[in-house]
Amino acid sequence: MSSQGERSEEIADQERIDMLRTMVRIREFESVVQNKFADAEIPGFLHLYIGQEAIATGVCQALTERDYLTSTHRGHGHCIARGLDTDKMAAELYGKETGYCNGKGGSMHIADVNAGMLGANGIVAGGIPIATGAALSAKMRDTDEVAVSFFGDGALSEGAFHESFNQAGIWELPLLGIIENNQYGEMTGLEEHHPPSALDDLTIYGEPYGVTRIQVDGMDVEAVYEATLDAVDQARNGGGPSLIECVGYRFEGHHEGDSQFYRPDGELEEWKQRDPLSTYPEKLIGEGVLTEDGYAEIEAEIEAEIEDAIEFARNSDYPDPQQAYEGVFSDGGEQA
């Protein structure tokens with residue numbers, strides 16, 4: 001098990017700015033929809049990704065358009081990092097027909113197969129077998145595509161995780177599993193649902209399957225990016241699957257409305273000292289990669305983009321009730 005990627009090449013300045021821009025876009029989108037949900041503009045449930053932006057950004061920066069992705073119920077960050085359109089994402093959250101799933105999927109089920117985004121999923125571990133299938137397809141078609149599945153530490157106790165990585169290990173599939181260790185499974189702390197022997201290294205769950213195991217600081221976007229690049233290179237060259245644990249923290253509750261009674265006093269404030277939306281801009285400005293004015297321009301540009309996305313969603317139509325029966329079966333299928 002390695003503690004981080006061994007890559008030593010410098011990351012280009014523009015690439016670092018691009019990663020910052022992606023993290024700002026995720027934070028702004030989520031902060032705005034958080035407010036709109038509180039105002040009862042957005043129906044359903046909302047599970048926010050705030051605090052974990054460095055993970056989705058670092059992982060997706062290491063992928064190409066040819067690769068595949070599956071997400072979780074906390075998937076806004078993964079979708080934005082993948083490059084999905086914020087207008088269509090906002091419309092989906094508002095339940096409008098201009099959304100990615102014509103308003104029928106909502107926050108937890110955004111998908112864009114054409115972009116390789118095979119879907120967010122409200123079922124714990126539900127995306128892992130899908131990504132494994134995509135990885136098997138890539139290998140059978142003799143491509144260099146890879147498939148990535150994001151999941152929380154709770155997924156490590158699900159059979160779907162073990163079945164998938166067992167097969168991926170046996171067949172040496174180009175599969176990357178990204179464990180987003182945000183310290184909680186819903187409202188339960190890590191120490192209450194993992195054995196003491198696993199707490200310091202959750203990748204140990206992949207040990208029986210022979211996967212490459214990597215642990216990385218999930219609050220450091222460049223560390224996540226470099227570790228993912230190494231795993232992607234290995235997968236593209238026939239080296240089989242990897243399991244990457246990104247250690248971070250969830251700044252918000254499990255869902256909007258969660259009272260967060262379970263957080264120890266001071267824990268949230270301590271982790272916020274490492275907020276990647278504070279530390280990374282400071283780092284780039286300190287190293288002369290970006291000026292304070294340049295960062296302010298990025299923030300203003302993205303604030304305007306998200307405002308436009310909300311207006312697009314508000315002004316879009318709701319789907320016709322008859323559309324409830326569309327998209328249930330694939331072309332060529334038959335209704336039971």
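This is a predicted model: local features need pLDDT of at least 70, side-chain atom pairs count only at pLDDT 80 or more; totals for chains, interfaces and linings use all residues.
Helix 1 passes helix 9 in a left-handed crossing. The axes of helix 1 and helix 9, the latter spanning residues 276-286, come within 11 Å and cross at roughly 155°. Angles over 145 degrees count as roughly antiparallel, and helix 1 and helix 9 are therefore roughly antiparallel to each other. On the helix 1 side, the contact is made by Arg 16, Ile 17, Met 19, Leu 20, Met 23, Val 24 and Arg 27. These meet Pro 276, Leu 277, Tyr 280, Pro 281, Lys 283 and Leu 284 in helix 9. By class, the residues of this contact divide into 10 nonpolar, no polar and three charged.

Helix 1, which covers residues 13-38, also packs against helix 7, made up of residues 221-236. Here the angle is about 115°, with the two axes 11 Å apart. That makes helix 1 roughly perpendicular to helix 7, as angles from 65 to 115 degrees are counted in this way. Helix 1 passes helix 7 in a right-handed crossing. The residues that meet are Glu 15, Arg 16, Met 19 and Met 23 from helix 1, and Val 221, Glu 222 and Tyr 225 from helix 7. The contact of helix 1 with helix 7 holds four nonpolar and three charged residues, with no polar ones.

Another pairing brings together helix 4 (residues 86-93) and helix 10 (residues 292-315), whose axes lie 8 Å apart at an angle of about 45°. Helix 4 and helix 10 are therefore oblique to each other, and helix 4 passes helix 10 in a right-handed crossing. From helix 4, the residues in contact are Thr 86, Asp 87, Lys 88, Ala 90 and Ala 91. Their partners in helix 10 are Glu 305, Ile 306, Asp 308, Ala 309, Ile 310, Phe 312 and Ala 313. The contact of helix 4 with helix 10 has seven nonpolar, one polar and four charged residues.

Attention now turns to individual residues. Cys 60 is found in helix 2, which runs over residues 53-61. With a relative accessibility of 8%, Cys 60 counts as buried, because the cut-off for that class is under 20%. Residues up to four places away in sequence aside, Cys 60 touches Leu 69, His 78, Ala 81, Arg 82 and Phe 150. Although Cys 60 and Arg 236 are 176 residues apart along the chain, their C-alpha atoms are separated by 15 Å.

His 254 sits in a loop, between strand 7 (242-247) and helix 8 (267-272). At 7% relative accessibility, His 254 also counts as buried. Apart from its neighbours within four places in sequence, His 254 is in contact with His 47, His 73, Arg 74, Glu 186, Met 187 and Tyr 262.

An unreviewed UniProt entry carries the annotation "domain: Dehydrogenase E1 component" for residues 22-321. In the model, this span is 42% helix and 11% strand, and its end C-alpha atoms lie 35 Å apart.

Definitions and conventions: Residues are numbered from 1 along each chain as its sequence is written. Side-chain values use heavy atoms; hydrogens and water are left out. Axes are lines fitted to C-alpha atoms, for helices over the stretch in contact, and angles run from 0 to 180 degrees between N-to-C directions. Helices (H or I, at least four residues) and strands (E, at least two) are DSSP runs, numbered from the N terminus. Angles under 35 degrees count as roughly parallel, over 145 as roughly antiparallel, 65 to 115 as roughly perpendicular and the rest as oblique. A crossing is left-handed if the near helix is turned anticlockwise from the far one by less than a right angle, and right-handed if clockwise. Contact means heavy atoms within 4.5 Å. Ala, Val, Leu, Ile, Met, Phe, Trp, Tyr, Cys and Pro count as nonpolar, Asp, Glu, Lys and Arg as charged, and the others, Gly among them, as polar. Buried means under 20% relative accessible area, exposed over 50%, partly exposed in between (1.4 Å probe, protein chains only). UniProt positions are given in the numbering used here, feature names are shortened, and annotations may be inferred rather than shown by experiment.
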